[in-house]
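I opened the notebook with the pockets and then turned to one pair of packed helices.

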Amino acid sequence: MNLEKFKGIIPAFYACYDDAGEVSEIRTKDLCNYLYEKGVKGLYVGGSSGECIYQNLEERKATLKYVAEAVKGKLTLIAHVGAPSTRESVALAKYAEELGYDALSAIPPIYFKLPDSSVIKYWTEIMESTKLPFIIYNIPQTTGYNLSLPAFKKLIENKKVIGVKNSSMPVMDIERFKAAAGEDFIVFNGPDEQYVSGRVIGADSGIGGTYAAMPELLLKAEEFVSSGNFEQAKNIQRDINDIIIALCSLNGHMYSTIKELLKLRGVNVGSVRGPLEPVTGEDLNKVEEIKNMIDQAILKYGR
């Protein structure tokens, strides 16, 4: 399989709501078109950034549909189908296949602490439900499940597994997964704070929750890494990290801050869904300061 379409900057897509808090077709498509025009490689739809655990099955299907209608054939589309039950995950997987998505992905099951055997069975049942390739999603800091190397090696025996989105913080995990799987396999860097170091140690690509807030900077970071300009890559990662720290410093959830920021950048995708908290009060004024940080960094490094 040609894996080149999975290599590049792939923003994790945000949930787009209308003013009443319902999934919005217009705003979903507006964000799709905005990111397409910025030059990203693809979209990771329905994951953490998409507030998947706070949406019902029909809402998640609606987002998958609207994204496909907007940019299928223009961008690589990865559908995150992780859900509380295997039945729901399989339903989402089959629907994504009908819509023409390029690949599936899923977090491990959450809430109950399950052994490797249960997690492997869950992922395998999703894989076997469609003909689409599958990308493992390892994010232990939110799911409580840390993908072990033995479990990873067992999973990649299935030829449908073409990659892993690794969001664990140890950069070494990226190197170990890449070493175990080989070149004909995509390792996606997950933590945006370590995009450059992840790429240098073995990641082939990146999927991140802050990419859509500043796609220009992540695209430039990729340009620096791929061209071997590691001094500038180091510099831009430092600036990206300053912005991420600022995004996490306000009284609302980071995704709320990002959505307010996007409004200032000309894209209204609504707010967040409870229990995530919106940015309010004086902190709304600080979003302008974060926008200025991004604008200055874009000018510093060029588009």
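I looked up which element gives the largest share of the lining of the largest pocket, and it is H5, with three residues; helices (H or I, at least four residues) and strands (E, at least two) are DSSP runs, numbered from the N terminus. This is a predicted model, where local features need pLDDT of at least 70 and side-chain atom pairs pLDDT 80 or more, while totals for chains, interfaces and linings use all residues. Residues are numbered from 1 along each chain as its sequence is written, and side-chain values use heavy atoms, without hydrogens and water.

I noted that helix H5 (140–143), strand E8 (205–208) and helix H11 (254–264) each supply at least two residues of that lining. The space in the largest pocket comes to about 710 Å³, and of its 33 lining residues the closest to the centre are Ser 48, Tyr 137, Ile 139, Thr 142 and Tyr 255. A pocket here is an open set of points on a 1 Å grid over the protein atoms alone, where a 1.4 Å probe fits, with protein on both sides within 12 Å along at least five of seven lines, and lining residues have an atom within 4 Å of a point. The volume is the space filled by probe spheres set on the points, which are joined across faces, edges and corners.

I then checked helix H2 (residues 57–71) against helix H3 (residues 86–99), whose axes come within 10 Å and cross at roughly 20°; axes are lines fitted to C-alpha atoms, for helices over the stretch in contact, with angles from 0 to 180 degrees between N-to-C directions. H2 and H3 are therefore roughly parallel to each other, a term for angles under 35 degrees.

Definitions and conventions. Angles under 35 degrees count as roughly parallel, over 145 as roughly antiparallel, 65 to 115 as roughly perpendicular and the rest as oblique.
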